[in-house]
Amino acid sequence: MISDGLYEWFEKYADKPCRHRSNEYMEFKEKLTRHLLDILYEFVPETKGRVEYHHLGTPLSEITYLTSFRAGSYGTKCLTTMFDEVNREWTTTPHTSISGLYLAGSDAFLPSVAGAMYGGALGASAVLGHVGTIRMGYALLSHLAKGLREENPKLTWYQSMYVAFDVFLNT
């Protein structure tokens, strides 16, 4: 299970090292753990009584183990200097100076989950080329349209592709 917690909730405990924080901190972690498990049991009742291990990491865990900026679990601090002239060769591009070697994920675009997602698409597009990228996009839309037709059999192929394209652009 993954959930977010605000850094501000834990900031007052940041002055103590990991495993040496107050009882108040541990009680807060336990309260959050119980709350998250209650949500799990509500939505997936068959898991109740079957959870053998759980551990709650907090934003302070992110700082300790990932040295992330203000506990950002999905990326590093983004600065406008990433776009300076000196960085243009590697920022927001899947291409490298080595023929046939491409970057993907956050290395090809920007930090964070969204950056990694877009970077994956950029990397795939670089490898596939223009025609391959169009074919990949068509395949994704066709898959989405097929699911829409299964949900609503009255949709024609054209209608489902139109709706799929609209969903793709607006989500």
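**Exercise 1.** Leaving aside its neighbours within four places in sequence, with which residues is Y25 in contact?

*Solution.* The model examined here is predicted. Set aside the residues within four places of Y25 in sequence; the contacts that remain are F10, Y13, T58 and L60. Next, consider the charged group beside the ring: R21 lies over the face of Y25, 5.4 Å from the ring centre.

**Exercise 2.** Determine which residues form the largest nonpolar core, and which elements give two or more residues to this core.

*Solution.* Begin with the members. Eight residues make up the largest nonpolar core, namely Y7, F10, Y13, Y25, L32, L56, L60 and A71. Then turn to the elements: helix 1 (7-10) and helix 2 (23-43) each give two or more residues to this core. Finally, another core lies apart from the largest one; it has six residues, among them L148, L155, M161 and A164.

**Exercise 3.** State how many aromatic pairs the structure holds, and identify the residues that ring pairs link into a cluster.

*Solution.* The count of aromatic pairs in the structure is six. Within the cluster, ring pairs link W9, F10, Y13, Y25 and F28.

**Exercise 4.** Describe the elements and the overall dimensions of the protein.

*Solution.* Start with the elements. The protein contains five helices and zero strands, so that the order from the N terminus reads α-α-α-α-α. Proceed to the dimensions: the C-alpha trace spans about 60 × 55 × 25 Å along its principal axes. The radius of gyration is 22 Å, whereas a compact globule of 171 residues would have a value near 16 Å.

Continue with the surface. Of the 171 residues, 22% count as buried. The accessible surface comes to about 13100 Å², and 60% of this area belongs to carbon and sulfur atoms. Lastly, consider contacts between residues at least 6 apart in sequence: 37% of them join residues at least 24 apart.

Definitions and conventions. Residues numbered from 1 in each chain as written. Predicted model: local features only at pLDDT ≥ 70, side-chain atom pairs only at ≥ 80, totals over all residues. Heavy atoms only, no water. Core = buried A, V, L, I, M, F, W, Y, C linked by side-chain atoms within 4.5 Å. Buried < 20%, exposed > 50% of the residue type's maximum accessible area, 1.4 Å probe, protein only. Helix = DSSP H or I, 4+ residues; strand = E, 2+ residues; numbered from the N terminus. Contact = heavy atoms within 4.5 Å. Phe/Tyr/Trp six-rings, centres within 6.5 Å; stacked < 30°, edge-to-face > 60°. Lys NZ or Arg CZ within 6 Å of the ring centre and 35° of its normal. Rg over C-alpha atoms; globule rule 2.2 N^0.38 Å. Areas by Shrake-Rupley, 256 points an atom, 1.4 Å probe, with all protein chains shown as cover.
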